[in-house]
Amino acid sequence: MNKEEYFIKQFSNNKIIGDDAAVLGKWSYSMDAFFENVHFKKEWMSLKEIAYKSMIVNISDAIVMNSKPKYALLTVAIPKTYSNDDLKNLSKGFKKAAKEFGIEIIGGDTIANEKLDISVTIISKVKNPIYRKGVKKDNLLCFTGDLGTCKSDLQKLFDGEKISKKSKFIKPTLNPKFFYEASKYITASMDISDGLFFELERLSKQSKVGFKFFETISDDIGTSGEEYEILFSFEEKNRNKIEKIAKKHNVKLNIFAKATKGKYRTNANNHHF
C-alpha cells in the first residue's frame, strides 16, 4: 500500500470517499492539486497550458461521475517573480477551460510561494451519479481512445526532448457528449489518470470483482498515466447501443475484458509524473 492509499484509508469509514468526486444530494464535488515539480515542470508547458490542464483534469473527474460541472474554486500559490503578463497568461488558461465547459469561476484564494501550485475544486450538478462500485460479474470493460502516448511523451520530456503541443499530456481530450448520452447504459466508470492497470485495481476493490482479459495488454499501454480517457463497464446486452453512441461522437472504444469473480491486483510499476 503506497502512502497516498494509506492516508486515504484513514478516512475509509466515510462512505462518500472512494470515487472521482464526492456526491452530496444533487451536487458533486471534485478537487485536484496541480503542483510544480510534482505534476509539471515550467519548461514543459506554457502558463496558459498549465492552468488549462489543471482545470481539465478536475473536470474529467466530474464527467465520469455523470455530473455537469457548474462552478469552480481556484487556489493558486504564485511565485513572487511572476509578472503581470505571467498572471494574465495563467488566467487565460483557467478561463479557456471554464468557457469550454460552461463553468463559472466563483472564487478561491491566492498566496505567495516559491513555485506555482494550483488547487481546483469543481462543483457539479448530478442526477444519476455513476460510481466505481457498480461493476457486476459478466459486465464488459472498456476504455476510450488510445493509451500509451502520454507515457512515451513524458519520457521524451524527461530526456530533454520536445513534444507536440497537441499531446494528450499537455492537452487531455475529454468526451463528455459521448459519456452523458451513454451514461444510462454504464454501470461503473472512472478516468484513467494513474494508468489502466492501477485504475482496474481500484475498480476491483470497489466492486469486488476480478477481470478476464481478452488479450494481453502491454505495460506501455497499461501503465501510461495522465491519459484521462474513460474506463467504464456495461452489460453485454447494451454493447450495440454504446457502440452506436460512440460512432456518433467519433469516440474509439476498446472492449478488453469481462468482470469475473475474484479480485484484480497489478504489480506493474507506476509511470506517472
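**Close-up views of a predicted model**

Lysine 26 is exposed, with a relative accessible area of 63%. Like every view below, this one is drawn from a predicted model.

**View 1. Lysines gather at the surface.** To find lysine 26, look in the loop that joins β1 (22-24) to β2 (27-35). Its relative accessible area of 63% makes lysine 26 exposed, because exposed here means over 50%.

**View 2. A nonpolar patch takes in a strand residue.** Here Tyr71, Leu73 and Ile106 come together as a nonpolar patch on the surface. Together the three residues have about 230 Å² of accessible area. Leucine 73 belongs to strand β3, which covers residues 67-79. With a relative accessible area of 31%, leucine 73 is partly exposed.

View 3. Follow helix α2 (residues 47-64) and you will come to serine 54. Is serine 54 buried or exposed? Serine 54 is buried, since its relative accessible area is 1% and buried means under 20%. A polar atom of the serine 54 side chain sits 2.7 Å from the backbone oxygen of alanine 51.

View 4. Side chains of opposite charge can pair when their charged atoms come close. In this view, arginine 132 and aspartate 20 meet through their side chains in a salt bridge, at 3.3 Å from N to O.

View 5. Glutamate 199 and arginine 202 form a salt bridge, and their closest N and O atoms are 2.6 Å apart. Both residues lie in helix α6 (residues 196-207), with 3 residues, or about one turn of the helix, between their positions. How do the two partners stand in terms of cover? Glutamate 199 counts as buried at 1% relative accessibility, whereas arginine 202 counts as partly exposed at 28%.

View 6. Arginine 239 is partly exposed, with a relative accessible area of 33%, and glutamate 243 counts as partly exposed at 32%.

**View 7. Three charged residues form a network.** Salt bridges link Lys168, Glu227 and Glu229 in a network.

**View 8. A leucine and a tryptophan meet across the sequence.** Helix α4 (residues 149-158) is the place to look for leucine 157. At 9% relative accessibility, leucine 157 counts as buried. How many residues separate leucine 157 and tryptophan 44 in sequence? They are 113 residues apart in sequence, yet their C-alpha atoms are 7.1 Å apart in space.

Note on methods. Residues are numbered from 1 along each chain as its sequence is written. This is a predicted model: local features need pLDDT of at least 70, side-chain atom pairs count only at pLDDT 80 or more; totals for chains, interfaces and linings use all residues. Side-chain values use heavy atoms; hydrogens and water are left out. Helices (H or I, at least four residues) and strands (E, at least two) are DSSP runs, numbered from the N terminus. Buried means under 20% relative accessible area, exposed over 50%, partly exposed in between (1.4 Å probe, protein chains only). A polar contact is a pair of N or O atoms within 3.5 Å; within protein, one must be able to donate a hydrogen and the other to accept it, and residues adjacent in sequence count only if both atoms are side-chain atoms. Patches are made of residues with over 30% relative accessible area and no salt bridge: like charges are joined within 9 Å, nonpolar side chains (Val, Leu, Ile, Met, Phe, Trp, Tyr) within 5 Å. Accessible areas come from the Shrake-Rupley method with a 1.4 Å probe; for residues, only the protein chains shown count as cover. A salt bridge is a side-chain nitrogen of Lys or Arg within 4 Å of a carboxyl oxygen of Asp or Glu.
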